[in-house]
Amino acid sequence: MTCTVTLLEIAAVLLMNAALVVSEFPASGFNVRPETPAPEFLPSPLNVTFRRGEMAVLRCSVYNLGTKTVVWRRQEHSFPLTSGTMTVVADDRIQIGHVDFKNQWDLMIKNVKPEDEGVYVCQVASTNRNIRRMISLTVIDSITEATEISISEEQYVERGEPVALHCNVTGQHYTPDEIDWFRNGEKVTSEKRRGVKLLKHLSIVHRTFSSILSIDTATMGDSGVYVCRSSNMQIANTKVHVLNAETSNKKRGTYRDGQVSNGQKSSTSNIRQPIFAFICLCYLPMFKHFFM
């Protein structure tokens, strides 16, 4: 009996000691999952520009999304456009670009229109509404796009003289990417003809692209209609006339090879006519007397 009591007492003491040890550990140390990292947005453009009719793509990449959902909405509206991969609004132009196990949750708007322009919010569905990113969408209406293009005026040059044509393109919203030159419908390049140079200058600040077509020594074959065309299909044209030096000088009435110019012939003819009339008046009575 004494032994049984002693064992019970020992067991009670051990249980009390175990309870004290457990009470010293924080509750978070038992049966509590480690805290999940908060979602983060990966770098992506915050301002995007598209033309009317194009597919607008607004990038949004979320790291550590876990089981949370990505929601897209317009800044001025609380109602979402999409939730996860599902489109919520009744607009078949809107869809989500997402691949399983990827961070991308891009909002895609097909056949974008000027009325789609505005600020869009990529938001992680959470009690913390600060997990969001805003992207500004600009839509260029090609009808009202004010792209300016200008080219040098019509030129007359002598054969053997240099030719220089200037073309300037200025975009309203962005800088044109390139300028191409054509003569009588055929593209002009420096590789096709020796002495032809194409100089180009791009100014992102002023949204201007400039190009100079220069010909060191003009030949008769360089005459024609020259067209400069920008990458956004704006065009301007002008004409170049290469003159043969001998032909042009005769046409201009200059004296060459001992010949009298047109102006001098006309002047001499004007003097001879009254002299001939005066002689006729003087000799007319003599002829009348002789034949009478």
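## Starting with Asp180

Is Asp180 buried or exposed? The model here is a predicted one, and in it Asp180 comes out buried, with a relative accessible area of 18%. That puts it on the buried side because the cut-off for that label is under 20%.

Asp180 also has a charged partner: its side chain forms a salt bridge with Arg229, and the closest N and O atoms are 3.8 Å apart. Asp180 belongs to strand S15 (residues 179–183) and Arg229 to strand S19 (residues 224–230), so this pair ties together parts that are 49 residues apart in sequence. Arg229 itself is partly exposed, at a relative accessible area of 28%.

## Arg59 and Asp106

How many salt bridges are there by this rule? The count comes to eight, and one of them joins the side chains of Arg59 and Asp106, at 2.8 Å from N to O. Arg59 sits in the loop between strand S3 (56–58) and strand S4 (62–63), while Asp106 is in strand S9 (residues 106–109), so the link ties together parts that are 47 residues apart in sequence.

As for accessibility, Arg59 is partly exposed, with a relative accessible area of 41%. Asp106, on the other hand, counts as buried at 5% relative accessibility.

Next up is Arg74, which pairs with Glu76 in a salt bridge whose closest N and O atoms are 3.2 Å apart.

Which residues are linked in a network of salt bridges? They are Asp91, Arg93 and Asp116.

## Around Thr82

At 0% relative accessibility, Thr82 counts as buried.

What does Thr82 touch, once residues up to four places away in sequence are left out? Its contacts run to Val70, Val71 and Trp72, then Thr87 and Val88, and also Ile94, Ile96 and Leu107. So if you click on Thr82 in the viewer, you're looking at a residue with 0% relative accessibility that has Trp72 and Leu107 among its contacts.

Key. Residues numbered from 1 in each chain as written. Predicted model: local features only at pLDDT ≥ 70, side-chain atom pairs only at ≥ 80, totals over all residues. Heavy atoms only, no water. Buried < 20%, exposed > 50% of the residue type's maximum accessible area, 1.4 Å probe, protein only. Contact = heavy atoms within 4.5 Å. Salt bridge = Lys/Arg side-chain N within 4 Å of Asp/Glu carboxyl O. Helix = DSSP H or I, 4+ residues; strand = E, 2+ residues; numbered from the N terminus.
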